[in-house]
Structures are given as C-alpha cells and as structure tokens.
Amino acid sequence: MKYSRLFLPTLKEVPAEAEVISHKLLLRAGMIRKLASGLYSYLPLGLKSLRKVEKIIREEMDRAGAQEVLLPIVQPSELWRESGRWEHYGKELLRFEDRHGRASCLGPTHEEVITDIVRKEVRSYRDLPLNLYQIQTKFRDEIRPRFGLMRGREFIMKDAYSFDVDDEALEKTYQVMYKAYCRIFERCGLDFRPVEADTGSMGGHASHEFMVMSNTGEDQIACCTSCNYAANVELAPVIQSPHHQNAESVNHQITKVSTPGKRSVKEVTEFLGISADHLVKTLIMIADDRPVAALIRGDHELNNIKLKRFLGVETLNFADEATVRSVTGAPVGFSGPAGLSKGLKVVADQDISTLKNFVTGANEPDAHFTGVNWNRDIPVPEFADIRVITEGDPCPNCKGKIELKRGIEVGHIFKLGTKYSASMGATFLDDTGEKQPAVMGCYGIGVGRTVAAAIEQNHDENGIIFPISIAPFEVIISLVNINDNLMSKAAEDIYNGLLAQGVEVLLDDREERPGVKFKDADLLGIPLRIVVGKRLKEKDEIEIRSRGTGNIISVKKNEAVKKAVEILR
C-alpha cells in the first residue's frame, strides 16, 4: 500500500476524551474514531489489526475442533425468559419492541440462541461433543463506557459454546479450549496469565479469565511469588491465620466509650489510639431484599462475591441509611454486632474469629465498645472467608506470598454445566435411551479489546510498538526524498520485492519532511522501518530499524528484501 493513497487521519495532539494510552494512541494513529459514547468506527489500519487477531482466533478455534457459525444480534425475549435472564440480566441488556410489539434485545452474548439451535438439531449422544463459535458484534448498554475499546457498548467478540454428554467430557473440552486460548494470546504477542475467576451473570460453576498484565488494567489479580497460582481478587481464597498478632491472654472488660462524630475506621482508630486490625466493622447489607450483617476486620475489605456465594443469593448491596437505623438503632458508622435486630443473620470473616478485646460500634450515635470478646459480649456468629485477599497473604496453593497486580481481561472461559440446557430443554438420548441435558461450556474473547491490550503493553513515548503478528503492516519504507529518482526507484524495487515475498508493506511516498515520516512510522508501531535516504547515494546502502528494540543495521540495497524477510520470519 502507498501511504499517499491510504486513508490514515493521524493526530498530533492527544484527544481530550482519551483516558488510557491505548485509547490515545488508537485515536492518534488514525485507527478508530468515536461515533457516540461507547461506539467506535474502525478505520483501515485499525481494521487490519482487528482482522489479524480474528485470523489467529479462527485458526486456533478450528485447530481445537470448533466450527464457525454466525448468529443474529437481535434476539427474541422468549428465549431469555426461558433461561431466566430477561428479568435478571440488568440494564446492560438493551430491550426494545419491534413494530408488532414483540419484545427483543440486542445480544450481549448468545447462550440462549445457540442453545435453541442445539435443542432443535441434536438428538443423540452420538451427535456430541459439539463446539460452535462465532465472531460477532455484541451490545451491552454500559452505564459508563470508557477507555475506548476497553469498555465500549458495542464491541466485537469471539464466543464459542460447547455441548458434552457429562461433566467429565466437558472437562476435556474445557482443557482443549484453555490450551487454545493460551496459543491465541501467545501468537498475539501478549504477556498474559490465566486466572481463576467468578462466573458472574453467566452462571456455571468454574471459570478462568485470561489477563494481559498492565498497570492500567481494571482488574486486580492475586499472583503467587513462588508458584503459578493466579486468581481474580474477587475469587481468591484467603488462608486463615492460626492466630492474630494482637491476640491477648486476658479478656478485658467491655466498655462503652464516647466517639463523637467518629464514623470511619481511620477516625475511630486514631481517636482510640489503636490499629485498624483491632477493630471489627459491622456492615449492614441487603441480600435479595433481606438485611444481613457482615463483620470484618478494620484493615480488610468485604468481598461481595464471596459473601454472595456463602449466602446463596442473587443480589448483594449496601443497605441504605433507613435500613441501617432500623436494624441497629444507630446511624451509619456506629453499627456493631451487640444488640442487632433479633433474627438478623450475621456472618463474620474467619480472620476475626481469634480476636480478643476488639473494638466495635455500640449501635448508638457517637459511641463504640472497647474490650469486646466473643461469647461473653456477643454471640459467636457463622465464620467464613468473606474478605478480599491482600498483598502478603499466604498463597492458597503453595503457602508462598501473594502479590497484587493489575490486568486487562481479554478472554473468559466458563463451565456452564446445565444452567441453560436444563431450563431450555436442550437434551439428548444417552446410550441407555434416557433423556439427559447437554453439559455446556462457554468461551469468549474480546477482539477489539485484545488489540487495545496489546497497545497498553507495547508502547513508548513515541507511539505504538505492535507485535509483528497483529501489526497492520509488517514493514514501512520511509522514502526520504520522493523527487530523487535514485531513491524513488530503490524504494519501489524494495517495495515490490517485499510484496513478492508476501510481506505486508507500506511505502511512505508522501511529500513530507523526513522527520515527519519517521515520527508517523513510530506512532503507527510498524515493526520494521526501512529508510531509503542519503546512505543510498553514499554507500549504496539502506537502513533497517526495529521499532521494538531501536536497533539499526545497514545493508546493501540489493540485500534489503532478503534481510527484512529474515528479520520478520
């Protein structure tokens, strides 16, 4: 491709709307343009990178035995009502009615549609296993779209769905897909980690997220410094300490103390002169419309996902002021476990089970209790792991130390089980003639997000540094002076020679200063830059520069094509 013919509207300044580096560089490099909040158009260079990611995905999905389909983005409400998600999915599901008053939605995912196909076509265990995938546009009406392609409302996703005869067969399919995902992200040139994760609104009983390591990632990951363990902090289990460092042998007398206006952990601990790990927070939550008290150490955070799982509820949110007053008798900030409403369920984090002489709210305004002890002052509650894992906690796998890193989720795989097949009647006859629900798996990749994540991980102050496998072009030829016949002919010869070798090459034949051409080449992140300039006249040589390393080599003009191909391959 000749630069002079390419639609590539680059920008010199960083757009005000851009928040993270990938968003800034995708806009500056002329790869995407914003249409509306969370909606982006892919311009030629952006689409070229996107298609390369898609190609890698297709090759690995086909290699894993999956078959490609293409499903409608508009989905009838009847299917979602069958699965039970029409009412529960939330406002991210864009619901609408057509001219006949029939309710539909724009698909954020396609479990219902694919299950409907399978239940109509699959009859016998001989038809299984079956794995179908697509690369399709999705829509989720995010309340706050941000970070460009990272969290848009409309996005391109690869979603695959597997159907097996039982859990053992699903496990085999799951492992095949797990390995396929590893190959996909390796081929995309990404530094990533598979991490154990929560299944969320998808349901099911196990899942892994594939995280690209990046300081700008929205997700926090608990990683072991000694082994390969990694999990989303929402899911990572905490190993209970055998005893608390401030545990004392003598029980103090419980005492009510005045704490005027002291509500937060910081305010109370500073006022009383104690450390946060000796205070117990009492958090009043609403679990499926019923209040629940959660007790947790002052220096720890409540893990909503863990508490939801322990309680077996669909929704869990902090209670409002009125509810807090009704069950504690006090305003927010002074709640404690002593004297709560009768019958209120209380769940305490396991790490406070060994505390002695701790501090709690007194369930009245401007007051706290000190010297609180289990059984004597408050009944012993149910203990469970309900806190967020922290840096330095022991690894659940090897007892090494946990460190926290940030990551960008680019893929997620689930063991769905029979959540959808049972509710929607996707059954088959087993080898005894008995009807059984198919056991399902689900496997997603954010295609545009993968491109953005690659940029988050591969850039410098000058622009993008694309991995070769997903770069829009592999080589850019910077022709220093288009009016010099010798230079122009050499650039054309190298250009045509690279094309003949199957190399994707961009010839910068614009009437621009060399500095402008070099800056644009760096901005675009094309892996190799060939400079046809004054060295051609002086020594019959051209320069080849690696975008990633900055290394420059000089070779004879007639060796340029061979050397470039050698470096690329």
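## Asn232 and its surroundings

Leaving out neighbours within four places in sequence, Asn232 is in contact with Val195, Glu196, Ala197, Glu209, Met211, Asp219 and Gln220, where contact means heavy atoms within 4.5 Å. Asn232 belongs to strand S12, residues 230–232, and it is buried, with a relative accessible area of 2%. The term buried stands for under 20% relative accessible area, exposed for over 50%, and partly exposed for the range in between, using a 1.4 Å probe and protein chains only.

## The model as a whole

This is a predicted model, in which local features need pLDDT of at least 70 and side-chain atom pairs count only at pLDDT 80 or more, while totals for chains, interfaces and linings use all residues. Residues are numbered from 1 along each chain as its sequence is written, and side-chain values use heavy atoms, with hydrogens and water left out.

The protein chain holds 15 helices and 31 strands; helices (H or I, at least four residues) and strands (E, at least two) are DSSP runs, numbered from the N terminus. Along its principal axes the C-alpha trace spans about 95 × 65 × 50 Å, and buried residues make up 53% of the 569 residues. Of the contacts in the protein chain with a separation of 6 or more, 68% are between residues 24 or more positions apart.

## Two helix pairs

Two packed helices are described by the angle between their axes and the distance between the axes. Here the axes are lines fitted to C-alpha atoms, for helices over the stretch in contact, and angles run from 0 to 180 degrees between N-to-C directions. Helix H2 (residues 44–63) and helix H6 (residues 167–187) pack at an angle of about 155°, with their axes 9 Å apart, which makes H2 roughly antiparallel to H6. Angles under 35 degrees count as roughly parallel, over 145 as roughly antiparallel, 65 to 115 as roughly perpendicular and the rest as oblique. H2 passes H6 in a right-handed crossing; a crossing is right-handed if the near helix is turned clockwise from the far one by less than a right angle, and left-handed if anticlockwise. On the H2 side the residues are Ile56, Ile57, Glu59, Glu60, Met61 and Arg63, and they meet Met177, Ala180, Tyr181, Arg183, Ile184 and Arg187 in H6. By class, this contact of H2 with H6 has seven nonpolar, no polar and five charged residues, where Ala, Val, Leu, Ile, Met, Phe, Trp, Tyr, Cys and Pro count as nonpolar, Asp, Glu, Lys and Arg as charged, and the others, Gly among them, as polar.

For helix H12 (residues 485–500) and helix H15 (residues 560–568), the axes come within 9 Å and cross at roughly 45°, so H12 is oblique to H15. The crossing of H12 and H15 is right-handed, and the contact is made by Ile494, Gly497 and Leu498 of H12 together with Ala560, Val561, Ala564 and Val565 of H15. The classes in this contact of H12 with H15 are six nonpolar, one polar and no charged residues.

Strand S24 (residues 439–446) is mostly covered, eight of its eight residues being buried. In a regular strand the side chains alternate between the two faces of the sheet. Both faces of S24 are covered, with Val439, Gly441, Tyr443 and Ile445 buried on one side and Met440, Cys442, Gly444 and Gly446 buried on the other.

Two strands pair if DSSP finds at least two bridges between them. Eight bridges join S24 to strand S8 (residues 154–164), and these two run antiparallel; Tyr443 in S24 is the bridge partner of Ala160. Strand S21 (residues 402–417) also pairs with S24 in the antiparallel sense, over six bridges, and Lys415 stands opposite Gly441 in S24.

## Backbone exceptions

Most residues other than glycine have a negative phi, and most peptide bonds are trans. The peptide bond from Leu128 to Pro129 is cis, with omega near 5°, and Pro129 is placed in the loop between helix H5 (111–121) and strand S7 (130–139).

Asn357, although not a glycine, has a positive phi of about 55°; it lies in the loop between strand S17 (345–349) and strand S18 (358–361) and counts as buried at 5% relative accessibility. Asn375 likewise is not a glycine and has a positive phi of about 75°, in the loop between strand S19 (367–372) and strand S20 (382–384), but Asn375 is exposed, with a relative accessible area of 64%.
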